[in-house]
Amino acid sequence: MNPLSLRVAQKAATPAYAVVAVAHRLKLPVQFASLDAGKSAELTVPASSTASEFSLSSTYPVLRLLSKYTPEYAAALGTADPVKASQIDYWLDFCVDSLAPTAAFKPLSAAFSKLDSHLKLRSFLVGYHLTVADIACWGALRSSPIFNKQLRAGSDIGTYLQRWFSHVESLDFVNQALSDIEKAVNDSNKAKKDQGSFDIGLKDAQPGKVVTRFPPEPSGYLHIGHAKAALLNDYFARHYEGKLLLRFDDTNPSKEKMEFEESIKEDLSLLGIKPDALSYTSDYFKQLHDIATDMIKKGLAYADDADMETMREERLEMKDSKCRNLPVEESLRRFAEMTKGSEEGLRNCLRAKINMQDKNGALRDPVIYRCNLTPHHRTGTTWKVYPTYDLACPVVDSIEGVTHALRSNEYRDRNVQYEWFLKALNLRWVHMWDFSRINFVYTLLSKRKLTWFVDTGVVSGWDDPRVPTVRGIRRRGMTIQALREYILMQGASQKLLELEWDKIWAKNKSVIDPIAPRHTGIVRDKITKVRVVDRDSFKPYAKETLKHKKNPDVGMKTTVYSSELYIEFADAKDLSAGEEVTFMDWGNVIIEKIQWTEDKSFIGIIDISLNLDGDFKKTKKKLTWLSRAIPEGRPELAPVKLLLLDYDFLINKKKLEEGDELKDFLTPVSEFKTEAWGDWNLRLCKKGDIIQLERKGYYIIDKPFASEAEPIHLILIPDGSAASTSLKGTPGETASAAGSKDASKKQSDGKGTSSPSNVKPNTAKKAAESAAKAKSAEKPATPKAEAPTPNTSAAKPVSDVDASNVNMYKVTPVYGNGPELSGKVGSMYVAKPFY
């Protein structure tokens, strides 16, 4: 038998207490969701041999059906016996007639008295055991504001009624129901703070007839703002079982490239958006040209040879152009010259004749055609004149059958212009709705400004992790699932949103945490050697351990254990002799001896003894470590070089105001690099895999293992915490890509990093001085006690003199000898259907 589907309103005026309690009694799954107004619960019964699928809504019809649906349900709810079942029906009717939440005080008091009298010599309403009648009446009373007020005030509601009510409310399954409903209400309230609404009431929207469109210009990569527009248009097309059109607005050959078109298609596919049709504005160039010609003939457009500056001044002054009243024949002649791309044609543009004195600047005779001799990436040199978006958008929307044009409210002033073209050209009507543009703090979504970052080399390209393109944030570690869910959370409301980045990255963390394999990374700067005192008692060995302790499906990894180890200096400097700490994934150890250099700038070696049976719950410090030694004949198990990367915002002001100069608010240092060693399993990771370096954070593999000489590049993924989503420092300050708060602050020079060439002169000078001091300080004095020779099976230890710059191991690369990472991680970006 197919399972029942029970949905309960997440937040209803009258919560379905009894329905949820009965569901827990029967161990029936409950889904809290947004239901239609007036519905508190909805039960869908699957089709059977005697009836087709049907649904019931509201509390009492659902309770009646559940209590008789199967013999097991009937036995659990007391309706197996026909006589008792009829008595139960009486009390269910009593709930409807006498215990309604809106009932007045006087009739409710009479109902309370009746219940109290009935329960005087009874523990339950029907028979000697709890039945659905008890659960239904309890739920009705729980929903009654008057009953609850009297109960809290200690008023006399009847001794026997109060005893019975308290007993029912003390039952485990009832407590579970109360807890679930409270959580659902809290989640609903929290979600309302964080998201917009889809309840916008699309005018004349009919199932099966709604057609929306997403019309990007193929002149750049999709950014997170475009993603919202695409997802909302897709949402409403699917919600109304209609169609979504993808149309490339290719009307400016100077900026458009096939490269951008292909990238947009790919990004939409990754977002799970599958348009029902693909078209191009260039498909309609002939029709648009004919329409423009007809507009001139009807006096709705004219050719204008005013230069750009003059045209701008006349619009500001609401002054008619000298060409506004040219004879129709002259405008037609000039438009013909524009079509040829002649010298005279190049001096002209075509403008719609609307109203130069209108308060809305969008109606002051907008340009609808202009010349461009650049070959078009689809039509070549066929056309020398191209329509502007202002004309093409409403015309092609109408021709293609779009019913609802949804776009961000930056176009709001142009809505009346859009409607003017529909009316003036007698086109089929298209309804418009504008939604709020998505804005993030410290983030620019202007295509012009983003292009400046790319063209000037501030960022490496459109997929740079600092750029808010779909590709950029994917490279930073944002999963498509989290991006899609978060954007849809914002809804289609017109409320202006200035969003922080914390919630979207927290959403992303909830997606990756359950499936991200756990690995180890140790910062190389001043890396500290550790040796086990009884190191001769065992040789290096390898053991299979879980990649994710809470999710065995992620797979296994190989961990190497030996008496020659490494830990981070940031951890080592806080240790003290005699202290017991936990080495993660191994056990407890006791710090026997710490050999500092004389100037206390470096630790030569730390001696430890093993106490693997010790209680890890009693230790305050849990440390990550790597084995310096490797099992004999297993060179592939040697640790691998890592380069950890982290990024800051490109600008250091939350929101640029009109008149702000972009260059004045650039973040001088927005890329940070930290060298590290990682466990050998990281050699097997592929580009795009997401992992967690324990005690550091989540990372995405940006450049996988290629050779011993080249480090694996890992990009730190923000986790939604304040530290990961706020500015990393004022101009000139440095940061670390190592993730953990106590990680090394040392950085490597490189493009966009904290090298002196990338910061202001005074900052560069300070940075150089600091670097010189640090370099001097890192030259250690002779250790108090020389480290003994390590186990012969261990790799050659790193010299104390320059612990950060020498090879940890010299081994021959070995590939493919270990298990592959779980496919769940590799397919992180596969989008699942959302609807």
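This is a predicted model: local features need pLDDT of at least 70, side-chain atom pairs count only at pLDDT 80 or more; totals for chains, interfaces and linings use all residues.
Residues are numbered from 1 along each chain as its sequence is written, and side-chain values use heavy atoms, leaving out hydrogens and water.

**Strands E12 and E13**
- Strand E12 (residues 404-408) pairs with E13 in the parallel sense over 5 bridges; two strands pair if DSSP finds at least two bridges between them.
- From E12 the chain crosses through helix H17 (residues 415-424) to E13, a right-handed β-α-β crossover; with the strands pointing away from the viewer, the path from the first strand over the helix to the second runs clockwise.
- Strand E13 (residues 431-435) is largely enclosed by the rest of the structure, because 4 of its 5 residues are buried (under 20% relative accessible area, with exposed over 50% and partly exposed in between; 1.4 Å probe, protein chains only).

**Helix H14**
- In H14 (residues 328-340), the residues Ser331, Arg334, Phe335, Glu337 and Met338 are buried.
- Those buried residues fall within an arc of 155° seen down the axis of H14, so they line one face of the helix (the arc is that of the directions from the helix axis to the C-beta atoms).
- On the other side of H14, you will find Glu329 and Lys340 exposed.
- Gly341 follows H14 and has a positive phi, near 75°.

**Helix H21**
- Ile504, Trp505, Asn508, Val511 and Ile512 are buried in helix H21 (residues 502-512).
- Down the axis of H21, its buried residues fall within an arc of 105°, so they line one face of the helix.

Note on methods. Helices (H or I, at least four residues) and strands (E, at least two) are DSSP runs, numbered from the N terminus. The expected span of a helix is 1.5 Å times one less than its number of residues.
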